[in-house]
Amino acid sequence: MLYIGCHLASSKGYTAMGKQAVEIGANTFAFFTRNPRGGSAKALDLDDVAKFLDISRDNNFGKLVAHAPYTMNACASDENIRRFAREAMADDISRLEATPGNYYNFHPGSHVKQGVEMGTQLIVEQLNTVLTQSQTTTVLLETMAGKGSEMGREFEELREIINRTNLSEKLGVCLDTCHIWDAGYDIVNNLDGVLEQFDTIIGLDRLKAIHLNDSLNPLGAHKDRHAKIGEGHIGADSLIRVINHPKLKELPFILETPNDIDGYAREIAFLKENYND
Ligand code: FE
Ligand code: FE
Ligand code: ZN
């Protein structure tokens, strides 16, 4: 079963997202849990959530992949930025219990000259503060392109964070195809090799979701600029191999390509046509 979707605007609530997903042929989706510039999230409307859960059940949705605000930086040098990261993540995790058992992915952060070791410590501190035994949401660390001092450009960095987190059973990984390509993992010529590396270092059982994006830049560019499927350096054929790979094909695939909603609908249709059930 292909679980495919894209980023949807969350401003009108869960039911609106569920309906829009169905309209564009999606059976999963991503959304930002709150405004990236910070501030508090809108109060949860439980009627809205209940209606959404019906839509989700009736249409056999896969797991959702909620996205933390991309400005969240758990390993910032500024304590106020770290406090926002901590409070926003704790609040998001508790709110996501309204739609239990889904995924919540976040960018590990940028260590801003503090170094990878300090970055790791601060991220682990945050996770050890906010993760709870009772949560049903799995928190996903996203693989990053390695722009500037971004953490998570190497599988080893994610492994280290997972190793040092107390409730590591609540953690998984979201693999972004644009980001790992930009980080230097050659998924065009050696997808099997990259997945073997992932398996050796992190373990494929931790891999819970894929951000399916083409990249405007060549392998190892450390840039992070997404392209439409087939309009970048990764190319449609390689991305079709990703969705059909036996080790990946049951995961939720989320498009984060530069598209309006019609463009997303076209990419979803294209990927469905090229998926082997
Ligand atoms: Fe992301
Ligand atoms: Fe991503
Ligand atoms: Zn990106």
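**View 1. Helices α5 and α7 are roughly parallel to each other, because an angle under 35 degrees counts as such.** In this predicted model, the two axes cross at roughly 25° and come within 9 Å. The crossing of α5 past α7 is right-handed. From α5 (residues 155-164), the contact uses Phe 155, Glu 156 and Arg 159. From α7 (residues 191-201), it uses Val 194, Gln 197, Phe 198 and Ile 201. By class, the contact of α5 with α7 consists of four nonpolar, one polar and two charged residues.

**View 2. Helices α4 and α5 pack at an angle of about 40°.** The axes of α4 and α5 are 9 Å apart, and the two helices are therefore oblique to each other. Their crossing is right-handed. On the α4 side, the contact residues are Val 116, Glu 117, Thr 120, Gln 121, Ile 123, Val 124, Leu 127 and Asn 128. These meet Glu 157, Glu 160, Ile 161 and Arg 164 in α5. Five nonpolar, three polar and four charged residues make up the contact of α4 with α5.

**View 3. The iron ion (ligand 1) has His 67, His 107 and Glu 142 as protein donors.** Both histidines donate through NE2 and Glu 142 through OE, with the donors lying 2.1 to 2.3 Å from the ion. The spacing of these donor residues in sequence is H-x39-H-x34-E. His 67 lies in strand β2 (residues 65-67), and His 107 in the loop between β3 (103-106) and α4 (116-130), so the pair ties together parts that are 40 residues apart in sequence. His 67 and His 107 are buried.

**View 4. Glu 142 bridges two iron ions, ligand 1 and ligand 2.** The two iron ions lie 3.1 Å apart.

**View 5. The protein donors of the zinc ion (ligand 3) are His 179, Asp 224 and His 226.** The donor atoms are NE2 of His 179, OD of Asp 224 and NE2 of His 226, at 2.0 to 2.3 Å from the zinc ion. In sequence, the zinc donors follow the spacing H-x44-D-x1-H. His 179 in helix α6 (residues 177-183) and His 226 in strand β8 (residues 226-227) are 47 residues apart, and the pair links distant parts of the chain. His 179 has 2% relative accessibility and therefore counts as buried, the cut-off being under 20%.

Technical notes: Residues numbered from 1 in each chain as written. Chains lettered and ligands numbered in written order. Predicted model: local features only at pLDDT ≥ 70, side-chain atom pairs only at ≥ 80, totals over all residues. Heavy atoms only, no water. Donors = N, O, S within 2.8 Å, 3.2 Å for Na, K, Ca; no water. Helix = DSSP H or I, 4+ residues; strand = E, 2+ residues; numbered from the N terminus. Buried < 20%, exposed > 50% of the residue type's maximum accessible area, 1.4 Å probe, protein only. Axes fitted to C-alpha atoms, helices over the stretch in contact; angles between N-to-C directions. Parallel < 35°, antiparallel > 145°, perpendicular 65-115°, else oblique. Left-handed = near helix turned anticlockwise from the far one by under 90°. Contact = heavy atoms within 4.5 Å. Nonpolar A, V, L, I, M, F, W, Y, C, P; charged D, E, K, R; others polar.
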